[in-house]
Amino acid sequence: LFLSQELVNALAMNQLRVAYQPIICLGTLGVAGVEALLRWQHPDLGEVAPDRFIPLAEDTGLIIPIGEWVLREACRQLLAWEEAGQCCPRVSVNLSVAQFRDSNLVSRIVGILAETGIPPGRLCLEVTESTLASDPELAQEVLGSLRRVGISIAVDDFGTGYSSLAYLRQFPLDVLKVDRRFVARIEEDGDDAAITRAVITLARELGLKVVAEGVEKNGQLRLLRQWACSEAQGFLLARPLWGKDIDLSRLLSGLRKRL
Ligand code: G
Ligand code: G
Ligand code: MN
Ligand code: NA
């Protein structure tokens, strides 16, 4: 209860920040995009983990204004990079199920894009399988509207929820994100390797992009490139950083030397 009262103040008191984690194109070693990751810096408690406060934000409905704020911040950051002469092709923003149920979601997002001048094709929204599963009809309608506007959709943590392969047909999707629980052991575990390869192949055959999450080791990256995985994200490539601390061109020249 204490924490949810504090969360009410967090937005107004400017305690929320967005970190950005680069997503790297494995073919070119270029920046494919960044994922926006919300952070809460509480004056007394220090950094509160998203796993603790995002469920609270969902329960209290605060995720609606907070989610809108994250989207606006992410669009502004894309503009800031552009003004600094750096290219970030897309920004991915996590969407929670409560936002999905908000009937104003699409118009809010369209409003933020119009207000910041970001082309819809540069925004990707990440949803989880459980969001899709909780109300498939609603999900189909909302994703359809987002897609018609030109926004792309990623399934986050793919393979860990109640995923059914029928979803891949039913919903207009653009990206599958292979959960880091699979990627973590692709070098040691034949089953995890098989699942990861299968998701990569599935995505390619369906014309979807695939992002391997949680890449921490060179050996994992080597396998993913061998398997023709389109994109990767993880501490090996880049940690989540504040927008102002990310120099995309320096990141790239560093990666090309290192990998
Ligand atoms: O940032 P971190 O790597 O700790 O993320 C933990 C979890 O919080 C992830 O599941 C991530 O998807 C989620 N998350 C991070 N930022 C946001 C956000 O802005 N909105 C929502 N709904 N979830 C987020
Ligand atoms: O569920 P989602 O994919 O949105 O979660 C993103 C979370 O994954 C963030 O909290 C981010 O900090 C974390 N993350 C990103 N890269 C790595 C990694 O290489 N290893 C681990 N353990 N976590 C990572
Ligand atoms: Mn995500
Ligand atoms: Na994930």
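The structure is a predicted model, in which local features need pLDDT of at least 70, side-chain atom pairs count only at pLDDT 80 or more, and totals for chains, interfaces and linings use all residues. Residues are numbered from 1 along each chain as its sequence is written, while chains are lettered from A and ligands numbered from 1 in the order in which they are written.

The protein has twelve helices and ten strands; helices (H or I, at least four residues) and strands (E, at least two) are DSSP runs, numbered from the N terminus. Along the principal axes, its C-alpha atoms fill a box of roughly 45 × 40 × 35 Å. The radius of gyration is 18 Å, which agrees with the value near 18 Å for a compact globule of 259 residues; this radius is taken over C-alpha atoms, and the globule rule is 2.2 Å times the number of residues to the power 0.38. Of the 259 residues, 35% are buried. Here a residue is buried if 20 or more other C-beta atoms, placed from the backbone, lie within 10 Å of its own, exposed if 12 or fewer, and partly exposed in between. Among contacts with a separation of 6 or more, 65% join residues 24 or more positions apart, a contact being two residues whose C-beta atoms, placed from the backbone, lie within 7 Å.

Which residues of helix α11 are buried? In this helix (residues 218-226), they are Q220, L221 and L224. They fall within an arc of 95° seen down the axis, so they line one face of α11; the arc is that of the directions from the helix axis to the C-beta atoms. The face of α11 turned away from the buried side carries the exposed residues N218, R222 and Q226. The cover over the buried residues includes α9 (180-183), β8 (209-212) and β9 (231-232).

Strand β8 also pairs with β7: four bridges join the two, which run parallel, with V175 opposite K209 in β8. Two strands count as paired if DSSP finds at least two bridges between them. Strand β7 (residues 175-178) pairs with β6 (152-158) as well, in the parallel sense over three bridges, and V155 stands opposite L176 in β7. From β7, V175 and K177 point one way and L176 and V178 the other, and all are buried.

Most residues other than glycine have a negative phi. A228, in the loop between α11 and β9, has a positive phi of about 60°, and is partly exposed, with 13 other C-beta atoms within 10 Å. N14, in the loop between α1 (2-12) and β1 (16-25), has a positive phi near 65° and is exposed, with 9 other C-beta atoms within 10 Å.
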